[in-house]
Amino acid sequence: MTNIILFGPPGSGKGTQANFLKEKYNLVHISTGDVFRYNIKNATELGTMAKSYIDKGQLVPDEITIDMLSNELDKNSDANGFIFDGFPRTEAQAEALGHLMDDKDSQIDAMVALEVDDEILVERLLERGKTSGRADDADESIIRNRIKVYYDETAILKDYYQKLDKFYGVDGVGSIEAITQRLSEVIDKIS
Ligand code: AMP
């Protein structure tokens, strides 16, 4: 199996790039944000629990998020590998992901991070908000909070995977094709 964490702040292009990479490498794309939004849309219990956090740009608690991720892995037990998008976001999630991979006699092969300046992120997210229908993309203060939460709570995972010698940074500014190419060079090297 090849298991990649696509990392980066909100608006860095993880979802867009994951859509190309999953085809190219035959991997299952799991976006925890997408799974939450699906559950909110369908008014499930999980969706109701997650909504209040998401609307404020805060993280959904680890226990809820880890359980959900574990279910998504179980639904795709025959996968060739995974692209994790938006997960892990805390050290507890990274630890849990390690255990879940162990259970599959597998491992995380790389964290590949898209690096983009904050002001470009805000611009991109406000632009996306015009069509995404996402409440958390529509309001600049919520967008800035999501970026702050990323730096306060999530960015430390760079050190976590660097210590495991699995961290790769990629310039996330440029054309979509150019960025896919940069990411592919990393994935080709490690898989
Ligand atoms: P995203 O689509 O990745 O930008 O996620 C949208 C929102 O869903 C985030 O701002 C969080 O509120 C929530 N979320 C997504 N993934 C996670 C996660 N791994 N841990 C906690 N909250 C998450």
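**Entry 1: a salt bridge at D137**

I looked up D137 and found that its side chain meets that of R134 in a salt bridge, at 3.8 Å from N to O. I noted the rule: a salt bridge is a side-chain nitrogen of Lys or Arg within 4 Å of a carboxyl oxygen of Asp or Glu. The model is predicted, so local features need pLDDT of at least 70 and side-chain atom pairs count only at pLDDT 80 or more, while totals for chains, interfaces and linings use all residues. Residues are numbered from 1 along each chain as its sequence is written, and side-chain values use heavy atoms, with hydrogens and water left out.

I then asked: are D137 and R134 buried or exposed? Both D137 and R134 are buried. Buried stands for under 20% relative accessible area, exposed for over 50%, and partly exposed for what lies in between (1.4 Å probe, protein chains only).

**Entry 2: the network**

I looked for a further partner of D137. R146 forms a salt bridge with D137, and their closest N and O atoms are 2.9 Å apart. R146 and D137 are both buried. I recorded that a network of salt bridges links R128, R134, D136, D137 and R146. By the rule above, the count comes to 13 salt bridges.

**Entry 3**

I turned to K130 and E127, whose side chains meet in a salt bridge at 3.1 Å, N to O. Both lie in helix 6 (residues 118–132), three residues apart, about one turn of the helix. Helices (H or I, at least four residues) are DSSP runs, numbered from the N terminus. An α-helix has 3.6 residues a turn, so residues three or four places apart point the same way. I checked exposure as well: K130 is exposed, at a relative accessible area of 64%, whereas E127 is partly exposed, at 48%.

**Entry 4: the two faces of helix 6**

I asked which residues of helix 6 are buried. They are L121, V122, L125 and G129. These residues cover an arc of only 95° around the axis, which puts them on the same side of helix 6; the arc is that of the directions from the helix axis to the C-beta atoms. The face turned away from the buried side carries the exposed residues E123, K130 and T131. Among what covers the buried residues are helix 7 (135–138) and helix 8 (140–154).

**Entry 5: the end of helix 6**

I finally looked past helix 6 and found G133, which follows the helix and has a positive phi, near 70°.

Note on methods:
Contact means heavy atoms within 4.5 Å.
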